[in-house]
Amino acid sequence: MGWINELFTTPSALQTVVVLSLICSMGLALGKVRVGGISLGVAFVFFIGILAGHLGFNVDAQMLDYAETFGLVVFVYMLGLHVGPNFFGLLKHEGMELNLWSFAIILLGTAMAVGMVSLAGISVPDMVGVLCGATTNTPALGAAQQALSQLGLPSGSAALATAVTYPLGVLGVIVVMVLMRRFFVKPADLELRHDEAEDKTFIAQFVVVNPALADKTVASVSALSHLHFVISRVWRGEQVLVPQADTMLKLYDNILVVTNKDDVSALEMLFGEKAETDWNEGKIDWNHVDSKVESRILVLSRRVLNGKRLGQLQLRHTYGVNVSRVTRGDVKLLATDNLRLQYGDRLVVVGEPKALDNVESFLGNAVQTLNEPNVAAIFLGIILGLALGTIPLSLPGMSAPVRLGIAGGPIIMGIIVGSLGPRMHFISYTTRSASLMLRQLGLSLYLACLGLDAGRDFFQTVMRPEGVLWIGLGALLTMVPVLVVGLIALRTRRYDYGTICGILCGSMANPMALGYANDTTKGDASSIAYASVYPLGMFIRVLIAQMLIVFFAT
């Protein structure tokens, strides 16, 4: 049985894979166990890793460092790629407000850390290490160590303080979220209020009774209003029309319009009357609504069309069809001429069957090709993200340049590729299942490595007097800011619980807590909020770590 012992104890590439796989499998299995209705999900992998490190499991240091880096990079890049298509739209509407909440958490934690220096009698370098560990921000620790080195001060104790407080920094945010949900969150707070996966379109039927629109073309009616809408069908007596830009509207025409829900009232005033028929509830077989016009969902799979605006395709003029909606992931978008199409978009096309056959050939509609994730593009994006993370950024008053690091660079590049890739005709499409799997795989691998590395000396350090003090201070720096700001945000009733969890996790640069939030909340609200506040929050914390050293350690 010596070969079994060698499999787990002899350092090698094989042994590293075996040990990390064992930690991940046990952690993910136990993470599903509910105690009092609560489970830790993927975050439990971290604690199994600590236990394995404490029990003496040891792997090659370089292999462990590689696996930890690779896992984190894959997770944050795929997270950025996932939220990228909706990131800038969210940033325009409420992204700045989300970052203000994150800044409040950062500011409160920093103020507490400065106050604890004199109250607890702890040195500034040690306190900066505690703060970095409590906020699970290793790039900030790297910046602080660089600043200490330039000032000729030792940095070993700062790194040790970070290592001791890091595990509780992970757990502390999760504990706060559990306490909030158990004692403060109401059922209404669990419902998504700003669901980025919702249907952003609304179908309404209007009757043209406004005499000013009689004998006006569809194009001229659209020009009369600033509203965005698509007329997909016109019923004129027994006649069914697929309207073109030059189609003239007649009084008492019944028109089927796809628009934004907020614009329905304004369109009712424009056309004159809204029909009572509800076209949004339940599943409607559109091909049985009328026999002369067919509706199909066609997939954009021709790579040459990636990044093209819908109006550039001239589908109405060339094929005599209308595109009423575009589904991207789980989001349904209004098919305006300015909408930039992406590879993998599903277009709802209305027209005569023969015309739809021609459009299908033009768009590609090769559904099978979409089942294959674009792995080459993922690796290219990761390379660009790592390169971005190494760029030194020199800021006035700072003695050393700051960098986004292996976490900040890839997540920002993922957001850029996911959002702006089609504009550059870059195929960034990845299947939803592949994206979810890669995120879960990367985070599990990262947590296993992090726990295994921290578990070696964790309990010995905890038993030292300064270790107990560091852990206590770190717990306060982790839990108090997120609890105070989280409760205030919850009381405003502006955000759902999932969005608040994303703010808390992003402000603390805590992907492990995000894993727990994703496992216990609906939709992608947590991930979207996390990605919205993480880049700026991490950058501010890196600056703060260096500023504390420069201004208070000398």
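Trainee: In β4, which residue is the bridge partner of Val207?

Mentor: Two strands pair if DSSP finds at least two bridges between them; strands (E, at least two residues) and helices (H or I, at least four) are DSSP runs, numbered from the N terminus. Here the partner of Val207 in β4 is Asn254, and β1 and β4 pair in the antiparallel sense over 6 bridges. This is a predicted model, in which local features need pLDDT of at least 70, side-chain atom pairs count only at pLDDT 80 or more, and totals for chains, interfaces and linings use all residues. Residues are numbered from 1 along each chain as its sequence is written, and side-chain values use heavy atoms, leaving out hydrogens and water.

Trainee: In what order do the strands of the open sheet stand?

Mentor: The order of the 5 strands is β3-β2-β4-β1-β5, with antiparallel pairing. β3 (239-241) and β5 each have a single partner strand, so one side of each lacks a neighbour in the sheet.

Trainee: Which residues of helix α9 are buried?

Mentor: Buried means under 20% relative accessible area, exposed over 50%, partly exposed in between (1.4 Å probe, protein chains only). In α9 (residues 264-271), Val264, Leu267, Leu270 and Phe271 are buried. Down the axis of α9, these fall within an arc of 115 degrees (directions from the helix axis to the C-beta atoms), so they line one face. On the other side of α9, Ser265 and Met269 are exposed.

Trainee: What covers the buried residues of α9?

Mentor: Contact means heavy atoms within 4.5 Å. The cover includes β1 (202-208), α8 (218-224), β2 (229-236), β4 (254-259) and β5 (272-274).
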